[in-house]
Amino acid sequence: QVQLVESGGGLVQAGGSLRLSCAASGRDLSIYHMAWYRQAPGKQRELVAGVTGAGSTNYADSVKGRFTISRDNAKNTVYLQMNSLKPEDTAVYYCRARQVLTFQDYWGQGTQVTVST
């Protein structure tokens with residue numbers, strides 16, 4: 001199985017930036033679709049950004065133009081660069097790996113992002 005470890009969360013002022021990292025161990029990241037999700041208190045978990053094994057990306061409308069997902073297969077790491085952060089971005093952010101053939105999902109433990117006003 002794949003183990004995912006997120007890092008980079010924290011407290012940031014509105015308008016600031018953070019970069020989240022998700023390091024994978026156990027299997028080659030190149031055979032997985034990768035994504036970032038987030039969940040705020042009392043809210044459902046939502047897709048923030050995704051990148052397929054072929055390199056295609058997609059973003060939630062709420063973060064389009066502000067967030068960028070990228071992957072470094074050599075380092076088995078996926079990143080989420082978050083710019084122009086808003087208080088509405090406050091949530092626990094989770095990394096997800098999806099095996100491209102079986103669609104088996106693996107989840108990280110989450111990292112808290114808090115954006116102050």
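Predicted model: local features only at pLDDT ≥ 70, side-chain atom pairs only at ≥ 80, totals over all residues.
Val92 stands opposite Gln112 in β11.

β9 and β11 pair in the antiparallel sense, over 3 bridges. On β11 there is also a pairing with strand β2, residues 10-13, which runs parallel to β11 and is joined to it by 4 bridges. In β11, Thr114 has Leu11 opposite it.

| Strand paired with β11 | Sense | Bridges |
|---|---|---|
| β2 | parallel | 4 bridges |
| β9 | antiparallel | 3 bridges |

The side chains of β11 alternate between two faces. Thr111, Val113 and Val115 point to one face and are buried.

Which residues have the most contacts inside the largest nonpolar core? They are Leu4, Met34, Trp36, Leu80, Met82 and Tyr93, in a core of 29 residues. The elements that give two or more residues to this core include β4 (32-39), β9 (91-99) and β11 (111-116).

Trp36 lies in strand β4. Is Trp36 buried or exposed? Trp36 counts as buried because its relative accessibility is 0%, and the cut-off for buried is under 20%. Leu47 is 11 residues from Trp36 along the chain, and their C-alpha atoms are separated by 6.3 Å.

How values were computed
Residues numbered from 1 in each chain as written. Heavy atoms only, no water. Core = buried A, V, L, I, M, F, W, Y, C linked by side-chain atoms within 4.5 Å. Buried < 20%, exposed > 50% of the residue type's maximum accessible area, 1.4 Å probe, protein only. Pairing = 2+ DSSP bridges.
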